[in-house]
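My notes follow in the order I looked things up.

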Amino acid sequence: MTSLEFSDNLRILGLIFDHKLSWKTHIKKLKTSCMGRMNIIKTLSNLSWDADQDSLILIHKSLILSFMNYGSVIYGTAKAKTLSSLDPIHNQGIRLATGSFRTSPVVSILCNTGVPPLQITRNINTIKYMIKISNQPKHISSSNYHQN
């Protein structure tokens, strides 16, 4: 007879579910993974590489934002304080890509680059998902959105 071990966390398809569904473990892991990826942008943003701003923003979107967007429809239900811990990583990537100072306002940097804040990106992803499942009447989640 095999005994099962109790665990506070369950990893499914790269998302870490904790027993309270607070998403703290997942966001902490996401944050450390993105910080490792940030080193690539730091290296490429160095003046000796002479990478242009558009290329660095594209690299930021593909390396960091794509990683943060994966599963954001699900982990977006976390508390605002927990989700806000990801904002400094996003802001740092945009600052490195644009060559902005640390004291530059984040809102103006995001506006100049055309990259939305993480909360807006999560909202867009959630709305896209809801539209997608509302057009599929046999989807497992569509019963929550359709009135019979």
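**Entry 1**

I started at Gly93, which counts as buried because its relative accessibility is 0%; my cut-offs are under 20% relative accessible area for buried, over 50% for exposed and partly exposed in between, with a 1.4 Å probe and protein chains only. Gly93 sits in helix α5. I take helices (H or I, at least four residues) and strands (E, at least two) as DSSP runs, numbered from the N terminus.

Before going on, I note that this is a predicted model, where local features need pLDDT of at least 70, side-chain atom pairs count only at pLDDT 80 or more, and totals for chains, interfaces and linings use all residues. Residues are numbered from 1 along each chain as its sequence is written, and side-chain values use heavy atoms, with hydrogens and water left out.

Which residues does Gly93 touch, leaving out those up to four places away in sequence? I found Met38, Ile41 and His60, with contact meaning heavy atoms within 4.5 Å. I also checked Arg37: it is 56 residues from Gly93 along the chain, and their C-alpha atoms are separated by 9.7 Å.

**Entry 2: the histidine partner**

Next I went to His60, in helix α2 (residues 53-69). Is His60 buried or exposed? It counts as buried, since its relative accessibility is 0%. With residues up to four places away in sequence not counted, His60 touches Ile41, Leu65, Ile89, His90, Gly93 and Ile94.

**Entry 3: α1 against α5**

I then looked at helix α1 (residues 24-44), whose axis comes within 10 Å of that of α5 and crosses it at roughly 5 degrees. That angle makes α1 roughly parallel to α5. Axes here are lines fitted to C-alpha atoms, for helices over the stretch in contact, and angles run from 0 to 180 degrees between N-to-C directions. Angles under 35 degrees count as roughly parallel, over 145 as roughly antiparallel, 65 to 115 as roughly perpendicular and the rest as oblique.

From α1, I listed Lys31, Cys34, Met35, Met38, Ile41 and Lys42, which meet Ile89, Gln92, Gly93 and Leu96 in α5. Sorted by class, this contact of α1 with α5 has six nonpolar, two polar and two charged residues. Ala, Val, Leu, Ile, Met, Phe, Trp, Tyr, Cys and Pro count as nonpolar, Asp, Glu, Lys and Arg as charged, and the others, Gly among them, as polar.

**Entry 4: α5 against α6**

On to helix α5 (residues 87-98) and helix α6 (residues 106-113), which pack at about 60 degrees with their axes 10 Å apart. That makes α5 oblique to α6. His90, Asn91, Ile94, Arg95 and Thr98 of α5 meet Val106, Ile109, Leu110 and Thr113 of α6. I sorted the residues of this contact into four nonpolar, four polar and one charged.

In the loop between α5 and α6 I stopped at Gly99. Gly99 is exposed, with a relative accessible area of 59%.

**Entry 5: the whole chain**

Last, I zoomed out. I read the pattern along the sequence as β-β-α-α-α-α-α-α-α. Of the 148 residues in the protein chain, 28% count as buried. Along its principal axes the C-alpha trace spans about 60 × 45 × 25 Å.
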